[in-house]
Amino acid sequence: MPNSSSVSEFLLLAFADTRELQLLHFALFLGIYLAALLGNGLILTAVACDHHLHTPMYFFLLNLALLDLGCISTTLPKAMAKALWDTRAISYQGCAAQVFFFFFLVGAEYSLLTVMAYDRYVAICKPLHYGSLLGSRACAQMAAAAWGSGFLNAVLHMANTFSLPLCQGNAVDQFFCEIPQILKLSCSDAHLREVWTLMFSFSLGFGCFVFIALSYVQVFRAVLRMPSEQGWHKAFSMCLPHLAVVSLFVSTAVFAYLKPNSISSPSLDLVVSFLYSVVPPAVNPVIYSMRNQELKEALRKLWIYDSLSFVMGPQS
């Protein structure tokens, strides 16, 4: 009976069987990936180059863009390679690396979204204390804590999952290496240890969700007490993009992991996993820039500067 030491590779689930559909999926994935690279890259460039955006809110947005780039780069390039070269195989080490980086980046992103909710709460409910509560050192510490929590979460899950003996083959019913699918290949009751670890992570995630929800309850109460419509508009333009990103992130992940078994199927699991692992990193830049005039202005100035530099050429 094979175990984890005899498994040298895993077989990932294919999106399509025919060559034409595989190439169509490759083109679709390539377009999404390039859009995500462009959108997040523009946010990174705008925040880094425009000194008007050197504030806590945009510092956290810069970190979010970095995490989104890492997250989509963990899953989509391999899916594109599978579709282009008509192969399902991923090495044991490659699968372990994919699990580690995916859990690391997703965990850090969720922690960062919690920190960003606190930033919105302080900005609207305690504006006079904003500078003292969210100074540059405090922001760096909170961002480091978000990245660190994701790293520790990833180490814990990867160590638990890849120490299990495997005897149910090597076919993973997912387009990337995902822990619940790998646990199905385990032949030992030891997989319950990882199940409990997942439940612990979900409990922490639920705690973060409660914190975000309570923060926005206080924010909306403060907004409703504002006397001017201009104050309402400014507050909502700050909060709605973050709330939309959190809603997209949480709803797709919760449905992916907590949907009833009665409606579960390989094709549905494939679509849902694509929604929570690929769609948020691709659309987050659009959500954040849609109503953000400061970011639009920074991107416009960046585009004008690049255009002039190209037309005029290097100056001696």
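**Ground rules.** I number residues from 1 along each chain as its sequence is written, and I use heavy atoms for side-chain values, with hydrogens and water left out. Because the model is predicted, local features need pLDDT of at least 70 and side-chain atom pairs count only at pLDDT 80 or more, while totals for chains, interfaces and linings use all residues. Helices (H or I, at least four residues) and strands (E, at least two) are DSSP runs, numbered from the N terminus.

**Entry 1: H2 with H1.** I started with helix H1 (residues 19-49) against H2. They pack at an angle of about 160°, with axes 9 Å apart. Axes are lines fitted to C-alpha atoms, for helices over the stretch in contact, and angles run from 0 to 180 degrees between N-to-C directions. H1 and H2 are therefore roughly antiparallel. The cut-offs I use: under 35 degrees is roughly parallel, over 145 roughly antiparallel, 65 to 115 roughly perpendicular, the rest oblique. The crossing of H1 and H2 is left-handed, that is, the near helix is turned anticlockwise from the far one by less than a right angle; clockwise would be right-handed. I noted 26 nonpolar, 3 polar and 2 charged residues in this contact. Here Ala, Val, Leu, Ile, Met, Phe, Trp, Tyr, Cys and Pro count as nonpolar, Asp, Glu, Lys and Arg as charged, and the others, Gly among them, as polar.

**Entry 2: H2 with H5.** Next I took H2 (residues 56-85) with H5 (residues 136-161). The angle is about 20° and the axes are 10 Å apart. That makes H2 roughly parallel to H5. Their crossing is right-handed. On the H2 side I found Pro56, Phe59, Phe60, Asn63, Leu66 and Leu67; they meet Cys139, Ala140, Met142, Ala143 and Trp147 of H5. Contact means heavy atoms within 4.5 Å. The residues divide into 10 nonpolar, 1 polar and no charged.

**Entry 3: H2 with H10.** H10 covers residues 279-290, and it packs on H2 at about 155°, axes 8 Å apart. The pair is therefore roughly antiparallel. H2 supplies Leu61, Leu64, Asp68, Cys71 and Ile72, and H10 supplies Pro281, Ala282, Asn284 and Tyr288. I count 7 nonpolar, 1 polar and 1 charged residues in this contact.

**Entry 4: the core.** Which residues have the most contacts inside the largest nonpolar core? They are Phe10, Phe60, Leu76 and Phe162, in a core of 86 residues. Such a core is a set of buried Ala, Val, Leu, Ile, Met, Phe, Trp, Tyr and Cys residues joined through side-chain atoms within 4.5 Å. Helix H3 (residues 92-125) gives the largest share, 18 residues. I then listed partners of Phe10 beyond four places in sequence; among them are Arg88, Tyr92, Phe162 and Leu185.

**Entry 5: Glu109.** Buried means under 20% relative accessible area, exposed over 50%, partly exposed in between (1.4 Å probe, protein chains only). Beyond four places in sequence, Glu109 touches Leu64, Leu67, Asp68, Phe249 and Asn284.

Entry 6: Asp86 sits in the loop between H2 and strand E2 (89-91). It has a positive phi of about 55°, though it is not a glycine. Asp86 is partly exposed at 48% relative accessible area. Leu156 of H5 is also partly exposed, at 40%.
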